[in-house]
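I opened this notebook to keep a record of what I looked up, in the order in which I looked.

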Amino acid sequence: MARKNPHRPFQPDAAQMELFPQISGNTINGLDEPDGRPPRIVYWAPDPDDIPHGALQYYFYGRSAQEPAFGVARGNARKFSTCRCLTSPPSRS
């Protein structure tokens, strides 16, 4: 028999839930739009102020700052990140 999971049922942090924007990631990325297009950044933007979910990204940074290893890993990831949000399809030259 499986052990009882002490994290069930999961209850999200109310402070975090208050930070969710009115727009969903599905809407940001065009779910059900008739024409395809490149995806846009929903979370983990180089600058959280540039995205609707930026407040959540800052929330995570604040929570993860309590664990030094997360900060180290995030700093290492920034060194190698070249991700940029496309606003139009790349040219085909």
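The entries below go from the whole chain to one group of aromatic residues.

Entry 1, ground rules. I note that this is a predicted model, in which local features need pLDDT of at least 70 and side-chain atom pairs count only at pLDDT 80 or more, while totals for chains, interfaces and linings use all residues. Residues are numbered from 1 along each chain as its sequence is written, and side-chain values use heavy atoms, with hydrogens and water left out.

I looked up the secondary structure and found 4 helices and 0 strands, in the pattern α-α-α-α along the sequence; helices (H or I, at least four residues) and strands (E, at least two) are DSSP runs, numbered from the N terminus. Of the 93 residues in the protein chain, 16% are buried, where buried means under 20% relative accessible area, exposed over 50%, and partly exposed in between (1.4 Å probe, protein chains only). The chain exposes about 7900 Å², and carbon and sulfur atoms supply 57% of that area; accessible areas come from the Shrake-Rupley method with a 1.4 Å probe, and for residues only the protein chains shown count as cover. Among contacts with a separation of 6 or more, 43% come from residues 24 or more positions apart, a contact being heavy atoms within 4.5 Å.

How many aromatic pairs does a search of the whole structure find? The search finds 4, counting rings of Phe, Tyr and Trp (its six-membered ring) whose centres lie within 6.5 Å, with planes under 30 degrees apart called stacked, over 60 edge-to-face and the rest tilted. One of them is the edge-to-face pair of Trp44 and Phe60, at 5.1 Å centre to centre and 85 degrees between the planes. This pair links distant parts of the chain, since Trp44 lies in the loop between helix 2 and helix 3 and Phe60 in helix 3, 16 residues apart. Trp44 and Tyr61 form a tilted pair, with 6.1 Å centre to centre and 40 degrees between the planes. Because Trp44 is in that loop and Tyr61 in helix 3, the pair ties together parts that are 17 residues apart in sequence.

Is Tyr61 buried or exposed? Tyr61 is buried, with a relative accessible area of 19%, whereas Trp44 is partly exposed at 44% and Phe60 is partly exposed at 30%.
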